[in-house]
Amino acid sequence: MGSQRALASSTASSRSVEAPAMRPRTGAETWRSILHFGTVGLVVLLFALPLAAAAQPAGKVFQIGYLGNSTPSVEAALVEAFRQGLRENGYVEGKDVVVHYRWADGHIDAFPVLAAELVRLKVDVIVASGTPGSLAAQRATKTIPIVVAAVGDAVGVGLVPSLARPGGNVTGLSGLTSELEGKRLEVLSELVPKVGRVSVLMNPANPFTALAWKETQAAGTKLRLTLHPAEVRTVDAFDAVFAAIVKTRPDALVVIADRFLLSNRKRIVAFATQHRLPAMYPFREFVDEGGLLVYGPDFADMFRRAGRYIDRILKGTNPGDLPMEQPTRFELVINGKTAKTLGLTIPPSLLLRADRVIE
């Protein structure tokens, strides 16, 4: 009897969990089901969106160190070109990147201290230019990527073993030393046909100067020019150096590329003007101050192109895997006012080739 009751209870229990017989749904019931689950899904999705947004990390603001050679006013055009290069690659200063500027004010001995400051800030990349500044950055760190916006001869001064395969943590843009030094003397000779003796103003504290002077001598020999080196390392030495130049009675003056000399461009141009010396300069800023002419790379374009290197590095590319590039744009700028003052007639050939003539 007890067995029968247990069997009956078991049978009843089995029936209680048995699924009821399914009947076909009406069309209205089907749509009500779809709308119900769709509404629930939408509510869940809308509730989850703020949580997902909060869970996503905000976009990283990259830190860039800028090792400036001179001052913000002297390098204003280069800084703007640098910022343009960042914008072209999707970075806005103050929003996507923070740039920490450090200025050497033309003092080579300031570079190691400034480079060390940028390293302590743990920036994501350092932007340098010129030989002393670039070498100082390289000596300060072997891990932080360094983008050289402009340097005379990256291989010659030991920054990289090869332009095609720089290796290490340095890449960027390097100049064309040998071709440029010869070309500058050629242009000067074309503007001043009777030139024979040329004083060459240079800063021997810059490692690039030795390379540039060697190439200048080779070009001078081909053009049958007599070159007189005039070395200046400090601001206090200018008066003595200028006096020595006057004693050599040169027909013209050439200034070898150096940011210390650029910082003292007003003094150099004033000296050339006072002694009526036609002068060839390496940077456009000299001509803007009244200098006669400049021939060289478009440095603003090089600083703009540095933005592409920065972008690739910030996206994870090893700087040593990025080949260094060379200038693609060169500029010849002539100050017509200064030429008239010196009694020089600008040949039509130079007028046609000039990118700008200041009148």
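Predicted model: local features only at pLDDT ≥ 70, side-chain atom pairs only at ≥ 80, totals over all residues.
1. Two strands are taken to pair if DSSP finds at least two bridges between them. Strands (E, at least two residues) and helices (H or I, at least four) are DSSP runs, numbered from the N terminus. By this rule strand β1 (residues 62–68) is joined to strand β3 (residues 125–129) by 3 bridges, and the two run parallel. Within that pairing, Ile 64 has Val 125 of β3 as its bridge partner.

2. Residues are numbered from 1 along each chain as its sequence is written, and side-chain values use heavy atoms, with hydrogens and water left out.

3. The parallel sheet. An open sheet is formed by 5 strands in the order β2-β1-β3-β4-β5, with parallel pairing. The edges are held by β2 (97–103) and β5 (170–174); each has a single partner strand, so one side of each is left without a neighbour in the sheet. From one strand to the next the twist averages 20°; axes are lines fitted to C-alpha atoms, for helices over the stretch in contact, and angles run from 0 to 180 degrees between N-to-C directions.

4. Contact here means heavy atoms within 4.5 Å. Helix α5 (residues 131–140) packs on the sheet and touches β1, β3, β4 (146–151) and β5, its direction making about 150° with that of β3. Helix α12 (residues 299–314) also packs on the sheet, touching β1, β3, β4 and β5, and its direction makes about 165° with that of β4.

5. Is Gln 138 buried or exposed? Gln 138, placed in helix α5, counts as buried at 13% relative accessibility; buried means under 20% relative accessible area, exposed over 50%, and partly exposed in between (1.4 Å probe, protein chains only). Not counting residues up to four places away in sequence, Gln 138 touches Ile 146, Gly 158, Leu 159 and Val 170.

6. The mixed sheet. A further open sheet has 7 strands in the order β7-β6-β8-β9-β10-β11-β12, with mixed pairing. Its edge strands are β7 and β12 (356–358), each with a single partner strand, so one side of each is left without a neighbour in the sheet. Neighbouring strands are turned by 20° against each other on average, direction ignored.

7. β6 and β7 run parallel and are joined by 6 bridges, with Val 200 opposite Pro 229 in β7. β6 is mostly covered, 5 of its 6 residues being buried, and helix α7 (residues 207–222) lies across β6 and β7 at about 160° to β7. β8 and β9 pair in the parallel sense over 2 bridges; here Val 254 stands opposite Met 280 in β9.

8. Helix α8. Which residues of helix α8 (residues 238–248) are buried? They are Phe 238, Val 241, Phe 242 and Ile 245. Seen down the axis of α8, these residues fall within an arc of 100°, so they line one face of the helix; the arc is that of the directions from the helix axis to the C-beta atoms. An α-helix has 3.6 residues a turn, so residues three or four places apart point the same way. The elements covering the buried residues of α8 include β6 (197–202), β7 (226–231), β8 (252–255), α9 (259–263) and α10 (265–274). The face turned away from the buried side carries the exposed residues Asp 239, Ala 240 and Lys 247. Just after α8, Arg 249 takes a positive phi of about 50°.

9. Aromatic pairs. Rings of Phe, Tyr and Trp (its six-membered ring) pair if their centres lie within 6.5 Å; planes under 30 degrees apart count as stacked, over 60 as edge-to-face and the rest as tilted. The count by this rule is 11 aromatic pairs. Tyr 281 and Phe 286 form a stacked pair, 4.7 Å centre to centre with 5° between the planes, and both are buried. Elsewhere, ring pairs link Tyr 66, Phe 82, Tyr 101 and Trp 103 into a cluster.

10. Phe 283 and Phe 299 form a tilted pair, 5.3 Å centre to centre with 55° between the planes. This pair links distant parts of the chain, 16 residues apart: Phe 283 is in the loop between β9 (279–281) and α11 (284–288), and Phe 299 is in helix α12. Phe 283 is buried at a relative accessible area of 4%, and Phe 299 is buried at 16%. A charge sits over a ring if NZ of Lys or CZ of Arg is within 6 Å of the ring centre and within 35 degrees of the ring normal. Arg 259 lies over the face of Phe 283, at 4.6 Å from the ring centre, and its charged end sits over the ring of Phe 299, 5.6 Å from the centre of that ring.
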